Each structure stands twice: as structure tokens, then as C-alpha cells.
Amino acid sequence: MMRLSRFPAQTILSTFCFLLIGFLMAGCGAGEGASAEAESDASGGSAEVKKYTALGATFPAILYEKWFEVYNEQNPGVEFTYVAKGSGVGVRHFTQNLVAFGTSDAAMSDEEIAKVPQGVVMLPMTAGSVVLAYNLSGVEELKLSRENLVAIFMGEITRWDDPKLTEDNPGLPAIPITVVRREGSSGTTFALTQHFSAVSEKWKEKVGAGKSVQWPVGVPARGNRGVAEALEENKGSIGYVEYGYALEQKMSTARLENKAGNYISPTIASEQAALANIQLPENLRAFDPDPAGADSYPIVTFTWWLCYAKYDDPKTAEAVKKLARWAVDRGQAYAEELGYIPLPTEVRVKVKAALEKIQ
């Protein structure tokens, strides 16, 4: 069903780097996730390497880690490290001035922005979809209507051989459903529950939408990897992860009914069709929980970098802006192969304009 070979070592390395950089920051009082370290060169002199940390969403982690790896190789004078801890943690660390910039799959609210005295510039840097992965031996295709998907997560449909499911999927096994849901504050949860609230009045009234909600049912798991492990351990389970992770781990994913009534598989093409319906306002904060279009995949979201409008250190500001320009231009070439949506030209233009607000 899936392979889980990459993320343990990667998570340990990212966490170690974050703790090391945090230690260095404590010594210099940078407050922006940046520190300068002198390294000896071959001639016995020293070369200054500026180190920066970004922290937040797990949703775009695969792409951001690739970006930072390539960018660091191409720019030996700087070293960016990405730590995937979740959108809620990203917003909190950003608000507390602990990082060069934060990341979140849910754009900051007006209330959250008001807590940042330096001001906030939000940059939608990539986009992707939330997919429903499952562990059903022998089931190569699973179709889930909007009503049935919500009913599963409400705990109203509890078995795979429920007639409501077998009507669209003949031959499903006669076993219980185990729902796997995110633990803690998650931007992926925000995107999923926003969709549920848009398509179901019952869900909207009883559960609602947010980075963290009171789930009616479900086994808790932390991050994409935690969900994947829980799915692998529980036959008959279903849970949600981001498309890039599911693609990398070769997870089985369901076809979901969209607003037009069509069952759509998660692909770059179906994600792009959905993204085309989202119009970004001046503050670049937008989300469509139920995109129109016959070919649109129904759960698609931007994910944002959270930058300060005014940095204490101008060098940090310039380093972040330089990285962002590279990511918006050259970095987009890595998106599709990793399961993310390359930013449309009009979005890239708006992001570049927003960069001018950072000082």
C-alpha cells in the first residue's frame, strides 16, 4: 500500500537543526531565527555563513525541504533549514519572533496578525490538495460522495459494507471503518473541515472548521507520517494527508465527488482546475472550500509564508526576500514532480509585488 522510508531520519535531522539554531539564537538574541557563524576556509581565513530557520506546516514540507536544499547549494553564504511542526506551531513561533519566517496552510486571521507588532506579509508560495487515503486490501478504486465522506467522519457510517457505500462501490469488504484524524493544530485539518462545513450544514453546526476541532470519531495521529503509520496498522482505515505525501508514499486515495457531481481523482490537472477558481485579494488571503468546475478536485488550498513587514535585521529581510524570489521563479519547477501545484503566473506576479512590502 505504501512505503515509509524517508521521513524518520529527515524529521530527526530537521529537529536537531532547529534545536541547534535555537541554541545559537539564544546567545545572540536575534529573535528572527537567524545567526551568523564563522567557518574556516581552505586558506585558514573565515567565511561567514548566515543561518536561518523557517518553521510550520507539514503540508508543503516535501517541497520546502527540496527548495532549501537546492537553494543552499546554489548560495553557499546562507543556510536555510525547514522544520515541519504544523501550521499552528508555525503561527505561534512566528508571532513569538523565533523564526526567520513561519508557514501555515491557513492564512493568519486579523486577530493573529494584530499580535505581531512588526506587521505581517503573507505570501502564497505553493498550493496542493488534501486527499483521503485508505487501507482496503484489493480495493483499487474507492468513490466517496460528499454526503458519505462527511458521514464517515461524523461516525454515522461505521462499516465499509454499508449500503450507502456499496451503491457506488460494489464488493467492499464487510469490516468496520477506522477513521484516522489529525492530532493538534493542523492546516490540513483546516482545509478538510472548511470543505466539510461548506458541503454539510450538520457538520458546520456540530463540529465546524478550524486548525483543531472536536472530532466526533477517530484515532489521533500527528502529521502526515503519523496518519500513514496509523493507516498501515489498521485494516479498514481511512485518513487524510496532503497529495504530495500520498504520491511519494504510494498510498491508495479515494475519488471524491465535487460540486458539479463528478467523482474526481487527485491529480495536478484536477488541482489546477480548482485553483483557477480562486481569486486572490490584495492581502493574498483566499480559500475556496468547494470549488466549482466539472474537473475540479474538491479540496485544494494555497499554503503561505508568514513574513514580517519590518525585520529588526535588514540582512535577514533581504535573505528572506531573495529566497522567496527564487522560490516563486525557479523553485516552481520542482512543484509538480513532488505533487504540488505550480503557481499560476498571475499569482507569482502578486507575490513578487508583495515582497516589496518587506523591509
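**Fold organisation, confidence and salt bridges of the predicted model**

In the protein chain, residues 24 or more positions apart account for 72% of the contacts with a separation of 6 or more, a contact being defined by heavy atoms within 4.5 Å. The structure is a predicted model, in which local features need pLDDT of at least 70 and side-chain atom pairs count only at pLDDT 80 or more, whereas totals for chains, interfaces and linings use all residues. Residues are numbered from 1 along each chain as its sequence is written, and side-chain values use heavy atoms, with hydrogens and water left out.

The mean pLDDT (the predictor's confidence in each residue, from 0 to 100) of the protein chain is 88, and 87% of its residues reach 70 or more. Over residues 1–32 the pLDDT is below 50, and this stretch has 65 contacts in the model beyond near neighbours in sequence. For residues 34–46, pLDDT likewise stays under 50, with 27 contacts beyond four places in sequence. Of the 359 residues in the protein chain, 55% are buried; buried denotes under 20% relative accessible area, exposed over 50%, and partly exposed the range in between (1.4 Å probe, protein chains only).

The protein chain comprises 13 helices and 12 strands, these being DSSP runs numbered from the N terminus (helices: H or I, at least four residues; strands: E, at least two). An open sheet of 3 strands shows the order E6-E10-E11 and mixed pairing, where two strands pair if DSSP finds at least two bridges between them. Strands E6 (143–144) and E11 (263–264) stand at the edges, each with a single partner strand, so one side of each is left without a neighbour in the sheet. Strand E10 (residues 255–257) pairs with E11 in the antiparallel sense over 2 bridges; Leu256 has Ile264 as its bridge partner in E11.

Helix H2 (residues 61–74) packs against H12 at an angle of about 115°, the axes being 11 Å apart. Axes are lines fitted to C-alpha atoms, for helices over the stretch in contact, and angles run from 0 to 180 degrees between N-to-C directions. The contact is made by Trp67, Phe68, Val70, Tyr71 and Gln74 of H2 together with Lys322, Leu323, Trp326 and Ala327 of H12.

The structure holds 13 salt bridges, each a side-chain nitrogen of Lys or Arg within 4 Å of a carboxyl oxygen of Asp or Glu. One of them joins Glu183 and Arg222, with the closest N and O atoms 3.7 Å apart. Glu183 lies in the loop between strand E7 (178–182) and helix H7 (187–199), and Arg222 in the loop between strand E8 (219–221) and helix H9 (223–233), so the pair ties together parts that are 39 residues apart in sequence. Glu183 is partly exposed at a relative accessible area of 36%, whereas Arg222 counts as exposed at 53%.

Within helix H9, the side chains of Arg225 and Glu229 meet in a salt bridge (2.8 Å, N to O); being 4 residues apart, these residues are separated by about one helical turn. Glu229 is partly exposed, with a relative accessible area of 29%.

A salt bridge of 2.8 Å, N to O, is also formed by the side chains of Lys352 and Asp329. This pair links distant parts of the chain, with Lys352 in helix H13 (residues 345–355) and Asp329 in helix H12 (residues 314–329), 23 residues apart. Lys352 is partly exposed at 35% relative accessible area, as is Asp329 at 31%. Salt bridges that share partners join Glu318, Arg325 and Glu356 into one network.
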